Amino acid sequence: SASHYGDHFYIMTNAGDAFNFKVMKTPIETPQMENWVDLIAHDPKALLEDLDIFKEFMVVTDRFNGLNRIRIKSWDGTVDYFLPFSSETYTAMTGANFQFDSEMLRYSYNSLTMPPSVIEFNMRTREEKILKTQSIEDPGFDPENYESERVWATAKDGIKIPISLVYRKDKRSADGNPLLQYGYGSYGHTIDPYFSISRLSLLDRGFVFAIAHVRGGEYLGREWYDQGKMF
């Protein structure tokens, strides 16, 4: 994919051996591939997923160790940081940011315990405001009643498979709980941890819900997809 800013095109590409993608730039007047140069180098441990361009900032979305990251970089090099996400079972992605000359970034966030929210983030002051959160009609719903975590299971070939879990805290039993596990891996499509209203009924009755992030998706990068192909 290609974006335009100033006198250059900014190209997200897997050219060469960049299986997790990288960002290159090239002058508008001479866009031939021999003039492409690296702007964000390929990282074998981080899958590059999206690029948002603003007048003063560049926003890079990638996936590291299975987790979404949103990185803010200023064009003059004075600003470079990641949005601070503390959970290991969340989904975050940038939204529709149509204003080029703006320091406000809109992104979405949800987790196994938190309903989806649209958040406006000031890239300069680092202040944020929740614009909208999915409403839960149950007046007794409290996200603090639930716990999410990520565990790792060893497959037959010795590879560690990440699994996202969610359960109701006061229903967790030392003797074990019923479990509903979901897993999908194909075509590079990743099933991220996500909130579900209908799932609350299971959790409130003592179920543990699990998402197994199996190979065939891209939860752990492009190689995670390749390892699941044709087997």
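The exercises below, each with a worked solution, concern a predicted model.

**Exercise 1.** Find in which order the 4 strands of the open sheet lie, and which of them are the edge strands.

*Solution.* Begin with the order, which is S1-S2-S3-S4, with antiparallel pairing. From one strand to the next, the twist averages 35°. Finally, turn to strand S2 (residues 8-13) and strand S3 (residues 22-27), which run antiparallel and are joined by 6 bridges; Phe9, for example, has Thr26 in S3 as its bridge partner.

**Exercise 2.** Decide whether the ring pair of Tyr81 and Phe121 is stacked, edge-to-face or tilted, and work out whether each residue is buried or exposed.

*Solution.* A search of the whole structure finds 11 aromatic pairs. In the pair of Tyr81 and Phe121, the ring centres are 6.3 Å apart and the planes stand at 55°, so the pair is tilted. Tyr81 belongs to strand S8 (residues 80-82) and Phe121 to strand S11 (residues 117-122), so the pair ties together parts that are 40 residues apart in sequence. For burial, the cut-off is a relative accessible area under 20%; Tyr81 has 9% and is therefore buried, and Phe121, at 3%, also counts as buried.

**Exercise 3.** Determine whether Tyr187 is buried or exposed, and which residues form a nonpolar patch with Tyr187.

*Solution.* First locate Tyr187 in the loop between strand S15 (179-183) and helix H1 (199-204). Its relative accessible area is 70%, so Tyr187 is exposed. Together with Tyr182 and Tyr184, Tyr187 forms a nonpolar surface patch with about 370 Å² of accessible area.

Definitions and conventions
Residues numbered from 1 in each chain as written. Predicted model: local features only at pLDDT ≥ 70, side-chain atom pairs only at ≥ 80, totals over all residues. Heavy atoms only, no water. Pairing = 2+ DSSP bridges. Helix = DSSP H or I, 4+ residues; strand = E, 2+ residues; numbered from the N terminus. Axes fitted to C-alpha atoms, helices over the stretch in contact; angles between N-to-C directions. Patch = residues over 30% accessible without salt bridge, like charges linked within 9 Å, V, L, I, M, F, W, Y side chains within 5 Å. Areas by Shrake-Rupley, 256 points an atom, 1.4 Å probe, with all protein chains shown as cover. Salt bridge = Lys/Arg side-chain N within 4 Å of Asp/Glu carboxyl O. Buried < 20%, exposed > 50% of the residue type's maximum accessible area, 1.4 Å probe, protein only. Phe/Tyr/Trp six-rings, centres within 6.5 Å; stacked < 30°, edge-to-face > 60°.
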